[in-house]
Amino acid sequence: MKLLGLVAVIITGSLLLYASGDFPAWGDANSPANSNQQVSVRYIQDSYAKTKTPNEVTAVLADYRGFDTMFETVVIFVAGIAIIAILSFLGEPNKPRGGDIEEHPETPDLIIVQTCKLVIPIIQLFALYVVAHGHYSPGGGFQGGVMFGASLILWALACGLPAALKRLSEPRALVLSAIGIIIYAGWGFLCMLLGGNFLEYAFTDPLLPEGVEKAHSHGMLIVEIGVAFTVTAIMFVIYANLSSRGRLKGGL
Amino acid sequence: MMLDHAMLANLIEDTVVPKINFWIYIILMMTGLYAMISKNNLIKKLIGMSIFQTAIILFYVSIGVKSGSGIPILGAETQREFHEVEHHNHEHDEHPEEFPDVYAYPTINPDDYANPLPHVLMLTAIVVGVSTLGLALAISQKIYHEYGSIEEDEILAQIKTRSDNDD
């Protein structure tokens, strides 16, 4: 089996290496993906005039490809729910999950807890900055959400899972992740109510200051906040379930 | 012997060096594929899947590179030019007799900025990759709970004996 796998891998790899001769050279500005006929040139040239967002990646992510990003967020949400569905019947089936949360048997280390208390607010503040400043610098809802989730996971690692679940219990995390998708899809439906297509941010102009182009920018911000809610909650749910084998107590 | 070395060096210089990024990604990808096919342990298979995924992410990002370009975020200078044009056109709308001209927005040279599209596609792929990996780990935990092992051959043997017992 191992030898067969190796042979298959070597054949596939040598075919791919042979084909790499036809690929464009490194940094070729006229390669098929970068040439003037491609849509990416339109993104680079038009996105600032149309959306007032200097970060082109955010403009493409949340505006031009808003549908795509919305369903990526839904994929994350569904993955979190599936993890809970798979793991919730492990362990003791007759006891409610996370019902009688006992205190962590070992007392958490003083130095670790104090360091975490010092570091976690800074991580969370930086995560909020990354979400809010994603239009002007690298960042956005996904990155900021993962950072915020990481701060909760850090607290769970330092003081045990029950302590972190007291801050953000699993049902509450699921509600939070659903709120994120409701914010995203709700903003799309609001655009429809105001006469546009789904996620056509220009039509929210009457509700927001500073004109049609800026409405795109603000719509992106709202959508990114929705993404950040979902990603934060689901990252924490994934950690909480995987680290405790679905029992939501004990943990690592 | 010296000639052979020179020929080999020329061959490498002609084929490998210009496409060194693709060679690295293909080798990385094949490492992941080998782990997915040949490893017996489910977690090692998942590690192989992650390596495979990383190779594809690197491949996409390297497609968007243009030599001499910067990150796909407009600089402060370009933003100011846009604002000046916009301010002027606003004045034109208010007082057409004082400001008769309408300025066009400055054109941006696309070669100055890296291609944003692969970055966007991979940004979402990374996060979705994390959640699918979490799902796969959850399924492995379920399998371990059911069969007491994450070695593929042991699981298959148990499945076989169980189905034989049912018959």
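Predicted model: local features only at pLDDT ≥ 70, side-chain atom pairs only at ≥ 80, totals over all residues.
Two packed helices are described by the angle between their axes and the distance between the axes. In chain B, helix H3 (residues 42-63) and helix H5 (residues 116-147) have axes that come within 10 Å and cross at roughly 175°. Because angles over 145 degrees count as roughly antiparallel, H3(B) and H5(B) are described as roughly antiparallel to each other. On H3(B), the contact is formed by B:Leu42, B:Ile43, B:Leu46, B:Met49, B:Ser50, B:Gln53, B:Ile56, B:Ile57, B:Tyr60 and B:Val61. The H5(B) side of the contact comprises B:Pro118, B:Leu121, B:Met122, B:Ala125, B:Ile126, B:Gly129, B:Leu133, B:Ala136, B:Leu137, B:Ser140 and B:Ile143. By class, the residues of this contact are 17 nonpolar and 4 polar, with no charged residue.

The size of an interface is often given as the accessible area lost when the parts come together. Between chain B and chain A, about 5200 Å² is buried, with 73% of it on carbon and sulfur atoms. The contact involves 53 residues of chain B and 59 residues of chain A. Across this interface, 16 residue pairs are in polar contact, with both residues at pLDDT 80 or more. On the side of chain B that touches chain A, at least two residues are supplied by each of helix H2 (20-38), H3, helix H4 (76-94) and H5 of chain B. H5(B) gives the most to this side, with 19 residues. The side of chain B that touches chain A divides into 34 nonpolar, 14 polar and 5 charged residues.

Side chains of opposite charge can pair when their charged atoms come close. Over all chains, the structure holds 8 salt bridges. The count between chain B and chain A is 1 salt bridge. A:Lys52 and B:Glu86 meet through their side chains in a salt bridge, at 2.9 Å from N to O. Within chain B, a salt bridge joins B:Lys45 to B:Glu152, and the closest N and O atoms are 3.5 Å apart. This pair links distant parts of the chain, with B:Lys45 in helix H3 of chain B and B:Glu152 in helix H6 (residues 152-166) of chain B, 107 residues apart.

Definitions and conventions: Residues numbered from 1 in each chain as written. Chains lettered and ligands numbered in written order. Heavy atoms only, no water. Axes fitted to C-alpha atoms, helices over the stretch in contact; angles between N-to-C directions. Helix = DSSP H or I, 4+ residues; strand = E, 2+ residues; numbered from the N terminus. Parallel < 35°, antiparallel > 145°, perpendicular 65-115°, else oblique. Contact = heavy atoms within 4.5 Å. Nonpolar A, V, L, I, M, F, W, Y, C, P; charged D, E, K, R; others polar. Buried area = accessible area lost by both parts, 1.4 Å probe. Salt bridge = Lys/Arg side-chain N within 4 Å of Asp/Glu carboxyl O. Polar contact = N/O pair within 3.5 Å; in protein donor to acceptor, adjacent residues only side chain to side chain.
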